[in-house]
Every structure is written in C-alpha cells, then in structure tokens.
Amino acid sequence: MSDPTNAPVNPHLAAYAARGLKGRILSGVQPTGNLHLGNYLGAIRNFARLQGDYECFYCVVDLHAITQPQDPAQLAAQTREIAAAYLAAGIDASRHAIFNQSAVPAHAQLAWVFNCVARLGWMNRMTQFKEKAGKDRENASLGLYAYPALMAADILIYKATHVPVGEDQKQHLELTRDIAIKFNNDFAQPDFFPVTEPLILGAATRVMSLRDGTKKMSKSDPSDFSRITLTDEADAIAQKIRRAKTDPHPMPADAAEAEKRPEADNLLGIYAALADIDRDAAIAEFAGRQFSDFKARLTDLAVEKLGPMGAEMKRLMADPAHVDRVLRAGADKANAVAEPILAEVYRAVGFLRP
Ligand code: TRP
C-alpha cells in the first residue's frame, strides 16, 4: 500500500532539488605525482561535467598525501598542479570550491571523531591499506591505516550527497556510508549525515598502463612510457602511443575478443573515452585493421584533446600567485560550509565550546 507521493524523501536531496540541483559533490585527488591520463579520464574530466547539476567541492587532498613520505617542496608544487588541472579542465571556481584539504581544518577535526566511530574490524578489511602497506606493514604510518576515516570526513564535513569515484575507491565510500550511519545512530538523528551515493561515470574510465594492460596507469610506475601525463607535449604523446605495448594480431573484431587482449582493450578504451563514444563503437570502427593505423588515429585524437588542456595547465602553473588566490577563495568558501557542520558534530558528541 505504498503511496509514491508519501514515499520518504531524503531530506538532503529535497533541499537541493528546491534549488534545481541534484545534490552536493565532494571529491579529491592526491598531490602525489604528475597527473596522467587516468586521473583525467577517471576523475577530473568527470568533475567538470558534473558542475552543472551539483554544488561541487573539489579538493586537493594534501593530508592524504603525507600518509606516505613526500618531499615538501614537491608536495606544494603538485598541489598547485592539481588546482591548475581542475581549472584547465573547465571547473568554474567562481561557482564551486577548489581548495586544498589542509586549508580547511574541519577535515582533520572531523576525521578524529571518525577515528573513534570506525571500528578496527572495518578498517582491517580495507584492501587499499593492504596494497599500499605491502609486506612491511609494521613500518606503515598510522595515517595510512586511518586514511579511509579521513576520506569519510572529507565527504561528510560538507554532508555531500554524491561522490564521483573510481572502482578502486568504492570500498572507501562504503566505509563512509557505514560511518555516517553509525554516527547518526550513536550521536544524532537518522538524517544528520546523508548516506552518500557513489557516482560511477563513463565506461572507459579505468585507464591501464601503456606497458602492461593488466596494471592500472599509475604515477608510481618507474617507466615514463607507461603513462601519458597531462603536460606531455605532442611529440611525447606520439612517442608513448607508438611504443605502447600491443600484440601481433590485427585489431579485435568484437568486444569478446577485445576483453581477452588487455593492451588492445585498454587503447580502445582510451580512444572511446577521448572520442566520447562507447567502447563498442570504437571496437567496430577499427575491427580487423592494423594497430599502426589505429595508433596514428589515437595519437591525433589524444593530441587534439589533451594539448590545449596541457598548455592551459602550464600557463596557470607559471602564475602560482593566481593559483594560490583561487585556492584561498576556495578554502574560504569551504570553511564557511564546514565550520557550522563541525560545530553541530562537536555539540552532538558533547564537546564544550567554552
Ligand atoms: N582516496 C582518493 C584517491 O586516492 C582521494 C580522496 C581523498 C577522495 N578524499 C576523497 C576521493 C573524498 C573522493 C572523495 O583517489
């Protein structure tokens, strides 16, 4: 006997709907290496595409970066590089917040509370910690272990309703939902924190290494030829695509065949994402053709799509004072939202504000 007009409405979403929006987004990128194609297609490009429908908080997660050793000067430079990439990708800093995490103290403050909400049993299931800590787990930082609770704080300090995430961050978002539910239950009301939804966008967003189609494209891969960075010049892009690993067969005839050939599949996925077509259309376009033809076409497309963005990033990085002003304004905007929510949390927990 459910009457759809009386169905329970998520009060968080209802408030945004009244403003013509679908919700509020928080997402972040770690300043731990030069940005590459995987970061762009998997995250930053989507951030730009969501800005019409959501109120967005896009953060450079410098607190997360130091869970593993970082060179201080490089950390600062890479923080600016990500801010430059956000801007170059077309995120409008006058309507949304672009900022670095450490400039909004409430992230760390809420993270402490969440360290006391999350259970050891939950944290022990986190697969990214196991991967990053590797064999020498005794020597991993306590921060690396607590990383997902800080990520939950990033999201919930804005009561964000949606988070665009890649496959590899889904488990952390699940944990965020568990923390929200437990906090609401232990300290507040059922709707205090929203139970944040993941936004998984685009089929071809998992970009793999150009040297090994079974490994993710990564900042930490020792080979420069494994990744295309966002500031690569046209000749570097061409060289990397030319040298990208393939197999001796012509291009796959169909999706089933592509799936069995990781390098071909990855390059087709990249092509599809850059061309904004679906993977099947890309497969059909090149089925049975030579890799060399395909690679030439992919090179042109990559240079066409990435060239202007890389040039704009370089222009911005040559003007650090401008980037810092954007980050300062973004932090002010973020603080204005985060501080009252932290105050509500502190009150709910029983912290005096004498
Ligand atoms: N853990 C994310 C990554 O490595 C980065 C991140 C930190 C994040 N806080 C976040 C992503 C909050 C989304 C929402 O990619």
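Colleague: Is Arg 279 buried or partly exposed?

Modeller: This is a predicted model, in which local features need pLDDT of at least 70 and side-chain atom pairs count only at pLDDT 80 or more, while totals for chains, interfaces and linings use all residues. Residues are numbered from 1 along each chain as its sequence is written, and side-chain values use heavy atoms, with hydrogens and water left out. Buried means under 20% relative accessible area, exposed over 50% and partly exposed in between, with a 1.4 Å probe and protein chains only. Because its relative accessibility is 23%, Arg 279 counts as partly exposed.

Colleague: With which residue does Arg 279 form a salt bridge?

Modeller: A salt bridge here is a side-chain nitrogen of Lys or Arg within 4 Å of a carboxyl oxygen of Asp or Glu. The closest N and O atoms of the pair are 3.0 Å apart, and the partner, at 18% relative accessibility, counts as buried. The partner of Arg 279 is Asp 265.

Colleague: Which residue lies over the face of Phe 192?

Modeller: A charge sits over a ring if NZ of Lys or CZ of Arg is within 6 Å of the ring centre and within 35 degrees of the ring normal. The residue in question is 4.1 Å from the ring centre of Phe 192, and its side chain also meets that of Glu 344 in a salt bridge (3.3 Å, N to O). The residue over Phe 192 is Lys 159.

Colleague: What is the angle between the planes of Phe 286 and Phe 294?

Modeller: Rings of Phe, Tyr and Trp (its six-membered ring) pair if their centres lie within 6.5 Å, and planes under 30 degrees apart count as stacked, over 60 as edge-to-face and the rest as tilted. A search of the whole structure finds 16 aromatic pairs. Phe 286 and Phe 294 form an edge-to-face pair, 4.8 Å centre to centre, with an angle between the planes of 70°.

Colleague: At which residue does α14 bend?

Modeller: Helices are DSSP runs (H or I, at least four residues), numbered from the N terminus, and the bend at a residue is the angle between axes fitted to the seven residues ending there and the seven starting there. In α14 the bend is about 35°, and Pro 308 follows within four residues. The buried residues of α14 include Phe 294, Ala 302 and Met 309. The bend lies at Leu 306.

Conventions:
Helices (H or I, at least four residues) and strands (E, at least two) are DSSP runs, numbered from the N terminus.
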